[in-house]
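Please look over the structure below before reading on. The questions that follow take up its parts in turn.

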Amino acid sequence: MKKKNNIIKMEVPNKGMVGRTLSLMVVFGIVAFIVLILQLYKVQIVDHELYESNAVEQQVRDTTVAANRGAIYDRNMNTLAMSATVSTVYVSPAELILYEEEDMRVMISSRLSEILGVDYDTIEAKWLDTKSWYKTVAVKIESELADQVRDFKNEYNLKSVHIVPDTKRYYPNGSLASQIIGFVGVDNTGLEGIEAVYDRYLQGTNGRIVRVANEKGVDLPYSGYENYYDASDGNSLVLTVDDRIQHYLEKNLAQAIQDYQVQDGAMGIVMDVKTGAILGMTTLPNYDLNNYLEVNEETLAKLQAQGLSESEYNDAVYNALLKQWRNRIISDSYEPGSTFKIITLAMGLEEGVISENDYFDCSGSIRVKGRVEPIHCWNRDGHGQQTLAEAAQHSCNPAFVNIGLEVGAETFYDYVEAFGFRNHTGVDLYGEGDSIWWSDDVFEDRTNHSQLAAASFGQTFTITPLQLITAVSAVANGGYLMEPYVVSKVLDSDGNVVENHEPTVVRQVISEETSERACAILETVVGSPGGTGKNAYVAGYRVAGKTGTSTDTITEAETGRKEYMVSFVGFAPADDPEIAVLVILDNPSNESGIYPSGGVMAAPVVGNIMYDVLPYLGVEPDLGIDGESGVYEVKVPNVKSYSVSEARATMEELGFKVKIVGSGTEVTDQAPMANVSIAPNSTVILYAGEAKPDKTVRVETLNGMSYRQAKAVLEQDGLFIRSMGVPPSDSLTIVVASQSISPNSEVAYGTVVQVTLIDNDSSIMEGAG
Amino acid sequence: MAPDFDFPKRFGKENETVEEPQVRELRDYSESRFINRGRIDLPFLVLTVLILTVGVITVFSASFARSYYETGNAAGVFLRQLFFAVAGIVLMMFASRVKPKTIRKYSKLLMIVSVGLLFLVLVIGIIGGGSRRWINLGFTTFQPSEITKLAIILYFASMACRYKDQMKTFRYGIIPFGFWLGVVVVLLGLEPHFSAIIIICLVGGLMMYAGGANIKYLVLIVLVGGALLLLVLLTGGYTSERITAWRDPMAEKLGDGWQIVQSLYAVGSGGLLGLGLGQSIQKHMYLPEEHNDYIFAIYCEEMGFVGASLILILFALLIIRGYWLAMRSRDRYSSLIVTGIMTLLAIQVFLNVAVVTNLIPSTGISLPFFSYGGTALLMQMAEMGIVLGVSRNIDDK
């Protein structure tokens, strides 16, 4: 039965209830939602940017893509510093707890310890910080080890072990040019030397990967929130330094330290006279750039031998580190002594107050205004009447005091300024030291000439070695003061030249003519028999220069001990100078039997450097220039299988004496072997049928022996001599300063020992005035 | 034919403030004892399904990041919710066929059962977050407090009808209601489950108000209840931490404020138009409970102020339509249960959105139709079904 449209009367909710329901409707259906929408408006619209930026900050992960650091090359594009990709391994204790099985920790620790060679307990300790996501286990490991860790990680699908790429700096030449090149810290930022100065060039620009990650740091699935900014690799640098020249410099200085028992190190610099480019520069002892935190072995051995307490030892090691990093050529100012006479000479000539025809009288001392005590010459007996050139050869203090007085204090200071002694040279390295000079008022005091007098021969002020060689180069190159520099080119990562360092002339200080005259005079200091610099003689080359001997004023002031700084600055060839070399030996021992003076100790070192460097630079030796034979070594020809008489004739023609062993008619062997060079008047041995003794002989200590004696000793042992340095002669003052094969080493019979000869002539043993 | 609601007979004469019955001529739908006939209220149905649809889609968007990260299956949570949504629609349609009279008849039983369950949960409940709120059914878990909420509405409506003429008295208008509320509050307090207490007290109180209880008493109770609440807040460390985090969430960013700060980041970074559906970043493990209590924050982040306002307006329209239906109901009981259900819905929406936007300190209240949770969704759909059932008896919709 359908009752579809039946109408009935019903009681519906009365007015009271409808009213109450309506009130609820207003409150819950309208007011509540208006409140919510207003609050949403506040959070979403008004405070939108605040919350958005905060949210983005936590959501965006910014990963750095390291740019490759540029390389450093010497001027012939030999690599001095380069970067290679390495890896850093870290563990994440937080992820260990999140993802790995309970018993994995010990296994991970032991495997990592095994692969990386890191102590097991050290790795175990890393896991203790359970909230950490980053605990470094090993930094900068080679890719080989990193691959092993990666295999291990993949094998067990480990989430708590991470390998990230990093770069490491390599210095293929170890300690070569260490203070110039410098090093980078673990963060690949340059800390010393070129690495620090040119850091912004070398660094490049790191790239970035900006990505959005979830709270666990994992990339969002199926998301496109990722932006790459490419890294641009750093620029490379080409230095003015030549690795060969640097090697010659370091080799000869190291030899000098050994020969003269130099206590406080040696420093040297080779400069291109015409451009101011630094071809080589070093301070010994230096350090291995690949292990810059390790003290030089010899220094360390010396410290260990001193029996210091632990804290004293640690301090000493720390100081030794700082010292070996220090580039003393540019950083440490010193009292130059007589080498400065080059400058006094140049200003005197330029001002026209002196000439080559002037005579200077030396009585052994000179009185100057404002000073009670007379100033002594290093030669108390006096040099008597001398020409200007002789005064320079003798390094005569009174003569140079006179030149200084002639120039006058104000003009003298103008030249000091003009030669760049009162400013930094502007070299592109950090840590240039300040020079110390009297104030203008004191120096230019008309009633007291003592400061001017002392300055004329290089005392009572300090300058840096770099300032000195730069000024000497100016004297040598025609008068142009150059700005020294070590970086010649900046290359981009494709090898294109981005910047080119052109030589910079600071100013012309003296005329070209004055320069030539000064060079001629300075050449006689080395070239003349009475010259204090004659030990810098290099056969076939015209070397000019000046000796210097000074006391270490700072040490003397502090300890009262007299320690010498012996130096020599030279340049060659004297008629058209190309390179200048400055060598300073700090505190040589006078127990070596060789008198501690610039002329005796430093000059031969410069000579040896010149001997190595000039031929390398393609400067042809001119053997006719000496007025002597100029031939101090002869190459031994091959006479094997010659008849004895023929062989004898060949040898004697070359100036050799001949000794024949055996009674055959044909030469079966010879000593020395063919093609080695030995002293011309040596006795060669020809074996006719008899065998050459197959034995070794012990090399004697030759240092301090006269040339004649050394030659005899060697020949007696069946060894041969060849000499460098001053020309060999039978004079007793010509002594061996250095030998190529160290004493007491065993060498094959017939070996050639090269010695460096110096003239230990008392007349050139200038003291520190 | 007798009207299908009862007049109070025992106490009728005592009370002077009896409301005048309002009588209208209505179509008779009572040909069946149990089955509701009549047309369903289409706007209410459409709004419900619309909100549910948006809610289920939002669950997918909000949950896939964590599901993928933790289980590798991005759609796990979503599919489960979708199943419950479909089941919920079936349940809703079924519930709409149940006559209010029938519901009233069983309301007391439901009340007793729900209290029993509240006892039971204290014994066999699963502990989570320091309280026992869930009973494990094997295939799913459910909170008895969800049933209690509905039971309170249905039974309070029944009592309000029975004591219709004595509602203004303390003896009948307050005490019976207060008794049940007290029992429920004590049991929930033992779990403890403060958010449920708050909701049940609010809904219960408002049911009494709607039923015609004396305003003076209600105000007095609110004052006393408020004082008690304040005392609890001041002494309980757990809640006072939440207050601190609420007042300056940024200061407690990594501690108690983490959740609310992450929620504000999500809501705030949505801006006017939002990051787009599925584009939330905060759901990638930054915001805890991103598909439960804080799902609305993800919705705001993706849909922006415009989308958030829109869904709130839909909720408002649904609630207004519900109250409208209550006012148009053909009998007192129907009206009261609809009022109660709408009030419950409104309170839950308000409290949830207010927490997500840091308008009030955090409480664990889910957002109806949005938050992930099968039994809660089924309860909500059943409630909507009851409203639709009432709507079937309304002629002039």
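Buried residues make up 53% of the 397 residues in chain B; a residue is buried if 20 or more other C-beta atoms lie within 10 Å of its own, exposed if 12 or fewer, and partly exposed in between, with C-beta atoms placed from the backbone. This is a predicted model, in which local features need pLDDT of at least 70, side-chain atom pairs count only at pLDDT 80 or more, and totals for chains, interfaces and linings use all residues. Residues are numbered from 1 along each chain as its sequence is written, while chains are lettered from A and ligands numbered from 1 in the order in which they are written.

Q: How many helices and strands are there in chain B?
A: Helices (H or I, at least four residues) and strands (E, at least two) are DSSP runs, numbered from the N terminus. On that basis chain B has 13 helices and four strands.

Q: What is the order of the open sheet of three strands in chain B?
A: Two strands pair if DSSP finds at least two bridges between them. Strand β2 (residues 126-128) of chain B pairs with strand β3 (residues 131-136) of chain B over three antiparallel bridges, and β3(B) pairs with strand β4 (residues 141-142) of chain B over two, also antiparallel. The edge strands, each pairing on one side only, are β2 and β4 of chain B. The order is β2-β3-β4.

Q: Which residue in the turn of the hairpin of β3(B) and β4(B) has a positive phi?
A: On the strands themselves, B:Ile135 is opposite B:Phe142 in β4(B). Four residues lie between β3(B) and β4(B) in this hairpin. The one with a positive phi, of about 95°, is B:Gly138.

Q: At what angle do the axes of α1(A) and α7(B) cross?
A: Axes are lines fitted to C-alpha atoms, for helices over the stretch in contact, and angles run from 0 to 180 degrees between N-to-C directions. Residues are in contact if their C-beta atoms, placed from the backbone, lie within 7 Å; here A:Met17, A:Arg20, A:Thr21 and A:Leu24 in α1(A) meet B:Leu206, B:Tyr209 and B:Ala210 in α7(B). The axes of helix α1 (residues 15-46) of chain A and helix α7 (residues 194-211) of chain B come within 8 Å. They cross at roughly 145°.

Q: Why is A:Val566 classed as buried?
A: A:Val566 is found in strand β21 (residues 564-572) of chain A. Not counting residues up to four places away in sequence, its contacts include A:Leu585, A:Pro588 and A:Met601. A:Val566 is classed as buried because the number of other C-beta atoms within 10 Å is 31.

Notes. Two residues are in contact if their C-beta atoms, placed from the backbone, lie within 7 Å.
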